[in-house]
Amino acid sequence: QVQLVESGGGLVQAGGSLRLSCAASGNIFSIDDMAWYRQAPGKQRELVAAITSASSRNYGDSVKGRFTISGDNANKKVYLQMNSLKPEDTAVYYCNKRIWHGVRFDDYWGQGTQVTVSS
């Protein structure tokens with residue numbers, strides 16, 4: 001089992017910054033294949049940023065250049081630094097860990113943290 005706990009959400013004005021944290025515990029050996037997703041009301045959950053390997057990061061098009069994902073493998077923590085926030089970044093942000101079993105995988109999710117950006 002994997003447990004993920006997010007923190008760091010809140011209310012911020014447009015143009016401001018927030019830093020989200022995700023602490024992972026349980027049956028997890030690295031922070032590879034960890035990601036941040038978000039879901040706004042009435043919209044599908046979307047990928048924000050992902051750590052796919054020690055040297056590889058992926059970002060959603062809408063956050064490129066503004067958000068940065070990083071991690072602490074020793075302490076099994078992942079962070080999302082969000083700068084130049086826009087009202088359209090308002091959503092519940094979820095931490096995700098994907099564990100592969102050959103060609104199949106299990107996805108684990110945190111409880112989510114609310115980010116609200118006011119205009």
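## Basis of the values

The model is predicted: local features need pLDDT of at least 70, side-chain atom pairs count only at pLDDT 80 or more, and totals for chains, interfaces and linings use all residues. Residues are numbered from 1 along each chain as its sequence is written, and side-chain values use heavy atoms, with hydrogens and water left out.

## The disulfide

One disulfide (a pair of cysteine sulfur atoms within 2.5 Å) is present in the structure. It joins C22 and C95, whose sulfur atoms are 2.0 Å apart. C22 belongs to strand β3 (residues 18-26) and C95 to strand β9 (residues 91-101), so the link ties together parts that are 73 residues apart in sequence. Strands are DSSP runs of E, at least two residues long, numbered from the N terminus.

The angle about the S-S bond is -80°, and the link of C22 and C95 is left-handed. Buried denotes under 20% relative accessible area (1.4 Å probe, protein chains only). C22 counts as buried because its relative accessibility is 1%; C95, at 0%, also counts as buried.

E6 is located in strand β1 (residues 2-7). E6 is buried but has no salt bridge, a term for a side-chain nitrogen of Lys or Arg within 4 Å of a carboxyl oxygen of Asp or Glu. R45, the nearest side chain of opposite charge, is 7.6 Å away.

The side chain of E6 instead has a polar atom 3.0 Å from the backbone nitrogen of Q111, and it reaches the backbone nitrogen of G112 at 2.9 Å. Beyond its neighbours within four places in sequence, E6 is in contact (heavy atoms within 4.5 Å) with residues including W36, Y94 and both C22 and C95.

Terms used
Helix = DSSP H or I, 4+ residues; strand = E, 2+ residues; numbered from the N terminus. Buried < 20%, exposed > 50% of the residue type's maximum accessible area, 1.4 Å probe, protein only. Lys, Arg positive; Asp, Glu negative; His and termini not counted. Polar contact = N/O pair within 3.5 Å; in protein donor to acceptor, adjacent residues only side chain to side chain.
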